[in-house]
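Good morning, and thank you for coming. I should like to take you through one structure, beginning with the surroundings of its ligand. Please keep the sequence and the model in view as I speak.

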Amino acid sequence: MPSPSTIGVVTPGSTYDLVCIGFGASALSLAIALKERQSLASTVFLEQQPQARWKPCHSLISPRMKTSFLSDLVTSENPRSKFTFVSYLHSTNQLVTYTNSGRIAPSRPMFADYLRWCAKQFESHVCFGNRVVGVMPRNGNNGLLEGWNVLYEDISTGQRGSITSRQVVCAAGLQQKIPNVLSAQSIRPRVAHSSEALEAISEVLKDKRQTPKIAIVGETSHAAEIFVHLHGIHGNHNVHWLTQRSEVKGKEETPFALESLHQSHQVPPEFSRQGGERSRSANALPRQLMTEIYDFMYDQSVKQPDSSKCRFQVRHSTSITNCQVTPDNKVELGFQSGATLNLGSKSDIYDLVISATGYDTSEHRRILSPLSQLVDGHNITVAADYQVNFRSGVKKSNTGVWLLHSPIDSDEIDDALYQILAQRSARVAQALIEQRKLPAEETTSEDRSARL
Ligand SMILES: Cc1cc2nc3c(=O)[nH]c(=O)nc-3n(C[C@H](O)[C@H](O)[C@H](O)COP(=O)(O)OP(=O)(O)OC[C@H]3O[C@@H](n4cnc5c(N)ncnc54)[C@H](O)[C@@H]3O)c2cc1C
């Protein structure tokens, strides 16, 4: 176990009881659960973001959390914990003000501050600026795996190192999903993911003399929120919302959904999606958003009947075919569009392209790919305690890997994760502690199911 002076700075070759990959809300909640059980001592969290730029809360256009202040890192497991949101409010002298506001869902900046406040108390366990590149099995003398080598890269120097542990938790979270056509390094400064939209928009609208043109790409509810946000802010910017689908789908029938469906009937069949895809509800937009969009698009159409001259345009059935930087540092998007019934490639030049194309969970698959030989079947699966199901007879019973990731891998996020976070962390912490007590012989799957 490393000495306290080396904790916070990862030392190659060190050995820990537990290495946790990532230091987001899931890892932080687990740190609390372990600390409350006096079991955090030999634990290190490797986080790829540099400490100064660490963002503990995903930013969104919508300013409030989708969940109640009670759905924090710990309350549902231990309401008396010193890490509850209420305890944070009390310690930072904000309890009375927050209570008087009558709000159930905290603002995102306040919740981010709560996460930072909690994180500060675990700083000595976190090594920022270190990206985990893989988890490799470590063979013991009798052929059984006795732990893991966690390979990491220092993101500022590119230097690689490795540390070992008996237990690994992968909490790498969600990654921005940006279509290939928009992800080339050369265009990236002019392409922002929806999670960076607020900062990118304010940067592009800074120069009041310009008439900036912004494209929003994608059909997610974040795309709709950004469209509404851009309409609501002062300026002379033009906005094109480009959707690959021939219509946007609402959770309920609204005038905008009907209008969008009407437009989709003017699109040739090869540009409209299959019925099965159309009925997918994952991307359905909330009623209030749909109504808001319909209202301002309707007002706009009364003033300017030629939709191609409107400042705010929704262009359905539009596929981006290429993307390049122009000599004056803007982005030229080439696309094929069915919306005008005038088929063929077209292009347009934008000051900013916002990719509201969702999130994915590919990072954990990349990190854990060296373990795929040790599981049955093609995919890594987890048990009820979130522990990876290894093939029977490959490892000692006091070692394991846990995977905490969003159950969905779709265009939309699970924005109610905090409702289960505290219970999930308690369950994982309990399983980690129980495993440490086991003798080091092989575990059978029967043993494991008996424990669950
Ligand atoms: C935009 C958005 C809004 C949300 N709003 C809500 C809400 O209001 N209410 C709610 O309940 N839930 C919400 N969620 C869902 C969920 O609560 C959050 O996604 C939450 O941040 C998940 O925490 P996490 O720790 O699992 O993942 P993350 O917050 O993504 O943290 C993962 C961490 O791992 C690090 N990492 C990744 N790969 C590596 C690597 N290879 N090596 C080292 N470090 C790595 C990342 O830098 C990151 O810090 C929202 C999600 C998003 C995306």
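Four elements each supply at least two residues of the shell around the ligand: α1 (25–36), β2 (43–47), β4 (130–139) and α10 (362–368). Helices (H or I, at least four residues) and strands (E, at least two) are DSSP runs, numbered from the N terminus. Please note that this is a predicted model, in which local features need pLDDT of at least 70 and side-chain atom pairs count only at pLDDT 80 or more, while totals for chains, interfaces and linings use all residues. Residues are numbered from 1 along each chain as its sequence is written, and side-chain values use heavy atoms, with hydrogens and water left out.

Let us stay with the ligand. How many residues surround the ligand? There are 32, and the closest are Ser26, Glu47, Lys66, Glu363 and Tyr418. A residue is near a molecule if one of its heavy atoms lies within 4 Å of it. The largest share of this shell comes from β4, with three residues. Sorted by class, the shell has 16 nonpolar, nine polar and seven charged residues. Here Ala, Val, Leu, Ile, Met, Phe, Trp, Tyr, Cys and Pro count as nonpolar, Asp, Glu, Lys and Arg as charged, and the others, Gly among them, as polar.

A polar side-chain atom of Glu47 lies 2.6 Å from an oxygen atom of the ligand, and a backbone N or O atom of Lys66 lies 2.7 Å from a ligand oxygen atom. For Val132, a polar backbone atom is 2.9 Å from a nitrogen atom of the ligand. Taken alone, the ligand exposes 980 Å², and the protein buries 95% of that; such areas come from the Shrake-Rupley method with a 1.4 Å probe.

I turn now to α1. Its twelve residues should span 16 Å at 1.5 Å a residue, and its end C-alpha atoms are 17 Å apart, which agrees. The expected span is 1.5 Å times one less than the number of residues. Buried means under 20% relative accessible area, exposed over 50%, and partly exposed in between (1.4 Å probe, protein chains only). Among the buried residues of α1 are Ala25, Ser26 and Leu34. Their cover includes β1 (15–21), β2, α4 (108–120), β6 (160–170) and α11 (418–436).

Next come two residues in the loop between β2 and α2 (85–91), Thr67 and Phe69. Thr67 counts as buried because its relative accessibility is 4%. Leaving aside residues up to four places away in sequence, Thr67 touches several others, including Ile104, Pro106 and Tyr418; contact means heavy atoms within 4.5 Å. Phe69 also counts as buried, at 18%, and its contacts include Phe85, Tyr98 and Ile104.

Finally, some backbone angles. Most residues other than glycine have a negative phi. Asn93, in the loop between α2 and α3 (95–101), has a positive phi near 60°, and Asn93 is exposed at 71% relative accessible area. Tyr386, in the loop between α10 and β17 (400–403), has a positive phi near 70°, and Tyr386 is partly exposed at 23%. Just after α1, Gln38 takes a positive phi of about 50°.

Definitions and conventions
Polar contact = N/O pair within 3.5 Å; in protein donor to acceptor, adjacent residues only side chain to side chain.
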